[in-house]
Amino acid sequence: MKIAVLSRNPRLYSTRRLVEAGQQRGHEMVVIDTLRAYMNIASHKPQIHYRGQPLEGFDAVIPRIGASVTFYGCAVLRQFEMMGVFPLNESVAISRSRDKLRSLQLLSRKGIGLPVTGFAHSPDDIPDLIRMVNGAPLVIKVLEGTQGIGVVLCETEKAAESVIEAFMGLKQNIMVQEYIREAGGADIRCFVVGDKVIAAMKRQAKPGEFRSNLHRGGSASLIKITPEERMTAIRAAKVMGLSVAGVDILRSNHGPLVMEVNSSPGLEGIETTTGHDVGSIIIQYLEKNACPNSTRTKGKG
């Protein structure tokens, strides 16, 4: 197959691994800088151009779209879909998962366990919003944040009121979540491919920190997940419509709670921790499932 990898940087670990895995299995792998691809949106023949040439003959596309380029990246991916190229993750599913609030609403509608979450616009509603999530301590999250940036733990209700007011004053969209104390600053990253959890790791926050992201100095270790956690991760990815996803789960006193569903999960942490060849598993998934014009949404959104 001829497979495009949409990525800003061919030297990134995840991009490199996917290219290596594809080449080892005999595929032609082409890395395309997402922001350098541009589109001819014509009704008779949609096209993508790159460095002055039309992109043609691709069987599949692997989107590695960073959060900061979600809008443009999804537009490029949608164009590939309209050209009949099979996407590893569809543009609609990626934009759905990047909207933290929308993704939680979709997960809650399907009965998937979540931390109690509140969302409001007016400063007048802050006291009730805090009560809604069972009071302090609580977590405040900026809707557009990634890698733990824009996530604040407030120990008291007074501190929570001040932080929420500050964010609202800056016209930042935020959500407020209950703090799951029993998780002990740890979460579980389940790596889902198709309808299987192919690898899982526990991420533990460093001392004095509550965010377990590896980018924030957290550590990763092997973990055995329960059947309920496995099923929760698979269902969460399915609700989002993602074929490949990193589902972050907290262990709580009332079962597994989904914190986030990541549509472009990094490969380095999970491969290093578990020893699994995740890149090859993703390529094998494409080999089994990629067929022309089989995108569910056909780029229609």
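Three strands, in the order S3-S4-S5, form an open sheet with antiparallel pairing. The structure is a predicted model. Strands S3 (37–40) and S5 (53–54) lie at the edges of this sheet, and each pairs on one side only. Strand S4 covers residues 47–50 and is joined to S5 by two bridges. The two strands run antiparallel. Within this pairing, Tyr50 stands opposite Gln53 in S5. Helix H2, residues 70–82, packs on the sheet. The helix touches S3 and S4, and its direction makes about 55° with that of S3.

The loop between S4 and S5 holds Arg51. Arg51 is not a glycine, yet its phi is positive, at about 50°. Most residues other than glycine have a negative phi.

A further open sheet is built from four strands in the order S2-S1-S6-S7. Its pairing is parallel. Strand S2 (28–32) and strand S7 (86–87) each have a single partner strand, so one side of each is left without a neighbour in the sheet. Strand S1 spans residues 2–6 and strand S6 spans residues 60–63. Four bridges connect S1 and S6, in the parallel sense. Leu6 stands opposite Pro63 in S6. Helix H9, residues 278–289, packs on this sheet and touches S1, S2, S6 and S7. The direction of H9 makes about 145° with that of S6.

Helix-to-helix packing was examined next. Two packed helices are described by the angle between their axes and the distance between the axes. Helix H3 (residues 91–98) packs against helix H4 (residues 100–109) at an angle of about 100°. The axes of H3 and H4 are 5 Å apart. Angles of 65 to 115 degrees count as roughly perpendicular, so H3 is roughly perpendicular to H4. On the H3 side, the contact is made by Arg96, Ser97 and Arg98. On the H4 side, Lys100, Arg102, Ser103 and Leu106 take part. By class, the contact of H3 with H4 has four charged, two polar and one nonpolar residues.

H4 also packs with helix H7, residues 227–240. The angle is about 120°, and the axes are 10 Å apart. The crossing of H4 and H7 is right-handed. Ser103, Leu106 and Leu107 of H4 meet Ala236, Val239 and Met240 of H7. By class, this contact of H4 with H7 has five nonpolar residues, one polar residue and no charged residues.

One backbone feature concerns a proline. The peptide bond from Ala136 to Pro137 is cis, with omega near -5°. Most peptide bonds are trans. Pro137 is placed in the loop between helix H5 (126–132) and strand S9 (138–142).

Technical notes: Residues numbered from 1 in each chain as written. Predicted model: local features only at pLDDT ≥ 70, side-chain atom pairs only at ≥ 80, totals over all residues. Heavy atoms only, no water. Pairing = 2+ DSSP bridges. Contact = heavy atoms within 4.5 Å. Axes fitted to C-alpha atoms, helices over the stretch in contact; angles between N-to-C directions. Parallel < 35°, antiparallel > 145°, perpendicular 65-115°, else oblique. Nonpolar A, V, L, I, M, F, W, Y, C, P; charged D, E, K, R; others polar. Left-handed = near helix turned anticlockwise from the far one by under 90°.
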